[in-house]
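The following note sets out numbered comments on the model shown below. Each point takes up one part of the fold or one group of side chains.

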Amino acid sequence: MPEGVPAPGDDVGADAMEIVARLVGFGHALRHEGLPVGSDDVVTFCTAVAELTPSDLADVYWCGRSTLVHRREHLAVFDEMFRQYFLGHPAPARPEPVSTEPVAQGLSGTVNVPDSEPGEQTGDDRPMVLGLQASGVEIQRDKRFAECTPEELAALRRIMARIGLEPPQRRTRRRQPDPSGARLDIRRMAREAMRLGHAAPELRRLSRSQRPRPLVLICDVSGSMADYSRNLLQFAYSMRRAARKVEVFCFGTRLTRITPALDRRNPDDAMKLAAARVLDWDGGTQIGASLDTFVRRWGRNGLSRGATVVVCSDGLDRGDPAVLADAMERLSRLCHRIVWMNPLAGDDVETLPNTLAMSVAGPFIDSLQSGHDLDSLESFALKLPQIG
């Protein structure tokens, strides 16, 4: 507990509504300071305080710290705001910056996989609160990832963490009421006719209901994809957070399922755990063997049935082209669509890159995308409902 929090027994307020308003105001104050505090967090905070002693500031502090703080670097901001809001301490004067090192914008963590990102160390053990300082990094959304500086990559990954994603939809056999549907709801109309007697019922219509289509991402993390794999993995993490029916695999010379590793609220923890599972990071490339493993182990068991499969690779393969052709042919029969995201395509997504693997896989690809910069990833996220 920070210095200055009083001992148990200090009175915060007697009226219940006043206490709730006070607690909600504290959540708004934290959000104003840049902490990602949502309405559900504030409700959990108020519920936790109600279970303890609202008049005890020690209980209020620990309830707030447990429910409103999600990252270790936010503790310093939380402690300072607690002192100002509940104890009436004046806000400290803002010190003059002593370092010219730019701090990237954003509230989300940066990708740190498998090695530490250069240029993100602060030089001491004090936590760095992101989003409270102006950034000196100018973001070019059409700049290739391979040409970006470490600071630009860190900022781009934070932007990618906030990309909105609408998964593709598929029609189910179930039907739902729809005024513009093509099929009449005879059962509902009959029930209304029996209830109304001689009065004619209104026309009721039905349409097919829709559900999110499963997504499968298979990302190349070999040495030739070193400039793009970490950014594509961050994009896969964002997709997993936006839509739950997303499976993510990584491959170099072998295939590794990393979906459970991405189910972390902290992107840094998710990336580190994913890197620990992938043993062939920045190694060789065996696209055909990896896709063959996916089809035999997961695809045939229903994971790819009706799914949109996105293969993220530059197509620089050292494996057997016949194995790749056979795996692509079997995968195309199992899934709904095959999308190939190749950074070498650049802005020209109408022509396949001139590699042997892309020539072999070309007849089975339904859509070619790039993914070489932030603009191409955002464009892919917008077109995904139509592609899938």
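Leaving aside its neighbours within four places in sequence, with which residues is Val216 in contact? The answer is given in point 2, after the conventions.

1. Basis of the note. The model is a predicted one, in which local features need pLDDT of at least 70 and side-chain atom pairs count only at pLDDT 80 or more, while totals for chains, interfaces and linings use all residues. Residues are numbered from 1 along each chain as its sequence is written, and side-chain values use heavy atoms, with hydrogens and water left out.

2. Surroundings of Val216. Contact here means heavy atoms within 4.5 Å. Apart from neighbours within four places in sequence, Val216 is in contact with Glu247, Phe249, Phe294, Leu303, Ala307, Thr308, Val309 and Val310. Val216 itself is placed in strand β4 (residues 215-220); helices (H or I, at least four residues) and strands (E, at least two) are DSSP runs numbered from the N terminus. Its relative accessibility is 1%, so Val216 counts as buried, where buried means under 20% relative accessible area, exposed over 50% and partly exposed in between (1.4 Å probe, protein chains only). The C-alpha atoms of Val216 and Cys335 are 9.7 Å apart, although 119 residues separate the two along the chain.

3. What is the geometry of the rings of Phe249 and Phe294? Rings of Phe, Tyr and Trp (its six-membered ring) pair if their centres lie within 6.5 Å; planes under 30 degrees apart count as stacked, over 60 as edge-to-face and the rest as tilted. A search of the whole structure finds 14 aromatic pairs. Tyr85 and Phe86 form an edge-to-face pair, at 5.1 Å centre to centre with 75° between the planes. The pair of Phe249 and Phe294 is edge-to-face because the planes stand at 75°, with the ring centres 5.2 Å apart. Since Phe249 lies in strand β5 (residues 246-251) and Phe294 in helix α9, this pair ties together parts that are 45 residues apart in sequence. Phe249 is buried, with a relative accessible area of 0%, and Phe294 also counts as buried, at 0% relative accessibility.

4. Phe26, Phe45, Tyr61, Trp62, Phe78, Phe82, Tyr85 and Phe86 form one aromatic cluster. Phe86 counts as buried at 13% relative accessibility. Arg22 lies over the face of Tyr85, 4.1 Å from the ring centre; the criterion is NZ of Lys or CZ of Arg within 6 Å of the ring centre and within 35 degrees of the ring normal. Phe26 is among the buried residues of α1, together with Ile19, Leu23, Gly25, Gly27, Ala29 and Leu30. These buried residues pack against α2 (39-51), α3 (57-68) and α4 (75-87). Just after α1, Gly34 takes a positive phi of about 105°.

5. The three-stranded sheet. An open sheet is formed by three strands in the order β1-β3-β2, with antiparallel pairing. Its edge strands, each pairing on one side only, are β1 (169-177) and β2 (183-184). Two strands pair if DSSP finds at least two bridges between them; β1 and strand β3 (residues 205-212) have six bridges in the antiparallel sense. Arg208 in β3 is the bridge partner of Arg175.

6. Ser207 within β3. Ser207 is found in strand β3 and is buried, with a relative accessible area of 13%. Its side chain makes a polar contact of 2.9 Å with that of Asp178. A polar contact is a pair of N or O atoms within 3.5 Å; within protein, one must be able to donate a hydrogen and the other to accept it, and residues adjacent in sequence count only if both atoms are side-chain atoms. Not counting residues up to four places away in sequence, Ser207 touches Arg174, Arg175, Gln176, Asp178 and Gly181.

7. Helix α10. The buried residues of α10 are Leu324, Ala327, Met328, Arg330 and Leu331. Among the elements that cover them are α9 (287-303), β7 (308-312), β8 (337-341) and α11 (356-361). Asp320 caps the N-terminal end of α10, with a side-chain oxygen 3.0 Å from the backbone nitrogen of Ala322.

8. Whole chain. The protein chain has twelve helices and nine strands, and buried residues make up 46% of its 388 residues.
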